[in-house]
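Subject: Structure handover and what was found in it

Dear colleague,

I am passing the structure on to you with this email, and the notes on what was found in it come after it. Please read them with the sequence and the 3D view open beside you.

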Amino acid sequence: MKGSRLRAALTPYALILPGGLWLAIFFVIPMVVMLSLSLQSGNITDGYQFTWNWRSYLDGVTNFHDQIIRSIWYGLAATILTIVIGYPVAYWIAFRGGRHKNVYLFLILLPFLVPFVLRTISWQFFLADNGVLLGPLKSAGLLPEDFHILATGVAVVFGLAYNFLPFMVLPIYVALERIDPALLEAATDLYANRVQTFLRVVLPLSLPGVFAGVLMTFVPASSDYVNASILGGAGNTMVGNVIQNQYLVTQDYPVAAALSFTLMAVLLIGIFAYARALGTEEVLEVSAR
Amino acid sequence: MSVIPPSDPRRDTALLRGMTRRRLGPGRRDLFRLAGLSAAGLALAACGVQGRRAAPPQQSDVEKYWSGRTQNGHVDFANWPLYMDPKLPELKAFTERTGITVNYKEVIQDNASWFAKIQPQLAAGQSIGYDLMVVTNGIQFTQLVQLGYLVPLDHSKLPNFAKNAAEAYKREPFDPGNVYSVPYASGITGIAYNPKYIDTPPTSYAALWDPRYKGKVGMMSDAQEIGNLAMMLLGVEPEKSTPADWQKAADKLREQRDAGIVRKYYDQNFIDPLGKGDIWICQAWSGDIFQKNVSDGTDLKFVIPEEGATIWTDNMVIPKTAANPVDAIMLMDYFYEPEVAATLAEYINYITPVPAAQDIIRSHAAEAKGEDKELLEAVASSPLVFPSEADYAKLHTYRSFKDANEQKQYESLFQAITTA
């Protein structure tokens, strides 16, 4: 009797143990190490010592504010693009997909079976100055000879939108799929036309899905460095590229770590402001749905 | 003491209590919090990154390292892409002769990221999985030396190097006396262009600032490479440059970038865009252009501009945690056999440190027929593989730095341009 009560008391802890350990080892420890790094000073030859050196944050923001702001803009633009493209797709699958819904969802996910970098490089081939897309248009005289898409901000934003599209489609789809068809019938019964039904019933009910999609798109898109380095050019550097460069090339670990935390802070502030604007109190709960 | 008026909120005892006392009192929770905070503080302080400046090795250190070490019959070799015939004829012959198997991997993409990858393992005294690796003279090479991560070489095990290496490669300023390294190959950084788009062959670095090529110019992202280029354009010798020169060079490069002339700053993948026509002209390494032309049938051109060019040397070194250093040093020496150096140069088309290879390539050319013959003759007489004294006089090395601060100053100046 006593043993079973003890077991019952321990069960929740046993359940949380694998996940808790996983987070502690692979999330908390690296975060502490990074936080520590961001406050260290020194150089790679003599080593870095922990000195509460806040200067790295100041240096990071002073030298690289352009790239931070650019990353936010690119992330925002890509997120809006994924909503514009992804919402109708999710809507169509949820309400018009019929019995092939799963096939369509699989098709959305299909590109994800190809590695991220490879997908982006294939875009590089596709968009090359004299490549599959631009080559024929140029020889037909429809575009000037020096026209190019690669090495522009547009290429980076489109690359980001393409790579993160499923993260927008799937949560919106889930939100739309949950809407009770009876609500739509009720709207019709109450003389709402299709536009009104969408604006007053469907859209508000799907907003949590959009919010989750924004979280899953905006955050990784703003901190991405692959698209900017493969599709971008001089002047399209994002903060992710700067962090990579500071860490791997200059070996200025403190500035790299400080920039990471700065970016994290900016993104968190943005997300909570957005959550406030949407009137969502429990941000995390909604996004976990 | 002043009298408190009746309307004053301080008269409200409940409010007063609420404002002055903790609601729960100092409880367990706060103690936990305090303990957590101090643990976090300790954790933060414990995460320092180790660095250790090593003293230069004495002859006794060399003996101490090599005594008692024996041949193990295997060597792991880390090299750069396209740095050996993919069929690995030289290594196969080595295995046949010595019985030592070679695991050859072209894993090094650039010096900085390679250094970042192996540094933690070397700092912890762990094996990096390779016994022999190729590192370019420059910032990371110096760091590897300063941190004591490289094995001091036992020259009694390098007879071919002593006999066959060119004198210039025995007194390289970055490693005088070849204490840690022997060259694998040298190369030249100059200008490459695609003649399909550019009619007048460029003769000066100024071509990279030509507004006619706006958006079609490729530059390197490496701080030392672009710094050298801009300084040579301004008539400054990079080796003797001062911080004021760097600033001028950086201004020049910024002008080029802000005018929209630079399409992109490349790490080492400028070749494909140049072949495809995404860029028309770029800063490039000599051998890559040759290999691209041979393998893909392109007709790209490489020029050493009138201002001069940068010469760099890729060096074979043994990391201090190598499991098979004896096998590694045997392989090092093997590359200094003139026959081996000749076949290697025939394939990679970079400068070989073995001058005797030239005659061997000529004799190979005499035996060959048709296209192969032409190719081999071209290699044997190429100034990019066997530069003359006059050619060498036009070549500059990277600026070396007296300490980490100077280096950081240089790097941040140029990276501000490439990562803008």
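Predicted model: local features only at pLDDT ≥ 70, side-chain atom pairs only at ≥ 80, totals over all residues.

The model as a whole scores ipTM 0.83 and pTM 0.83, while chain B averages a pLDDT of 88, with 89% of its residues scoring at least 70. One stretch of chain B calls for caution, namely residues 21-26, where pLDDT stays under 50 and where the model has zero contacts beyond four places in sequence.

Chain B has 420 residues, of which 43% are buried, and its secondary structure comes to 17 helices and eleven strands. Among its contacts between residues at least 6 apart in sequence, 78% join residues at least 24 apart.

Where the two chains meet, 33 residues of chain B are in contact with 38 residues of chain A. On the chain B side, the elements that give two or more residues are helix H2 (28-46), strand E1 (49-50), helix H5 (111-123), helix H6 (139-146), strand E7 (262-266) and helix H17 (404-418). Of these, H17(B) gives the most, with five residues. Sorted by class, the side of chain B that touches chain A has 14 nonpolar, ten polar and nine charged residues.

Chain B is divided into two domains, and each of them is made of two separate segments: domain 1 covers 69-186 + 312-378, and domain 2 covers 188-311 + 396-418. The C-alpha centres of domain 1 of chain B and domain 2 of chain B lie 26 Å apart, and the contact takes 14 residues from domain 1 and 14 residues from domain 2. By class, the side of domain 1 of chain B that touches domain 2 of chain B has seven nonpolar, six polar and one charged residues.

Ser56(A) is found in helix H2 (residues 55-96) of chain A, and it counts as buried because 24 C-beta neighbours lie inside 10 Å. Leaving aside its neighbours within four places in sequence, Ser56(A) is in contact with Ser38(A), Pro254(A), Val255(A) and Ala258(A). The C-alpha atoms of Ser56(A) and Tyr247(A) are separated by 13 Å, although these residues are 191 apart along the chain.

Pro202(B) lies in the loop between strand E5 (181-193) and strand E6 (217-220) of chain B, and with 20 C-beta neighbours inside 10 Å it counts as buried, since the cut-off is 20 or more. Beyond four places in sequence, Pro202(B) is in contact with Ile191(B), Tyr193(B), Ala207(B), Ile281(B), Val303(B) and Pro305(B). The C-alpha atoms of Pro202(B) and Ala192(B), ten residues apart along the chain, are separated by 9.0 Å.

Trp52(A), in the loop between strand E2 (47-50) and H2 of chain A, has a phi near 50°, a positive value in a residue other than glycine. Trp52(A) is exposed, with 11 other C-beta atoms within 10 Å. Leu88(B), in the loop between strand E2 (74-78) and helix H4 (89-98) of chain B, likewise has a positive phi near 50°, but Leu88(B) is partly exposed, with 13 other C-beta atoms within 10 Å.

With best wishes

Technical notes. Residues numbered from 1 in each chain as written. Chains lettered and ligands numbered in written order. Helix = DSSP H or I, 4+ residues; strand = E, 2+ residues; numbered from the N terminus. Buried ≥ 20, exposed ≤ 12 C-beta atoms within 10 Å, placed from the backbone. Contact = placed C-beta atoms within 7 Å. Nonpolar A, V, L, I, M, F, W, Y, C, P; charged D, E, K, R; others polar. Domains from an automatic or database assignment. pLDDT = per-residue confidence, 0-100.
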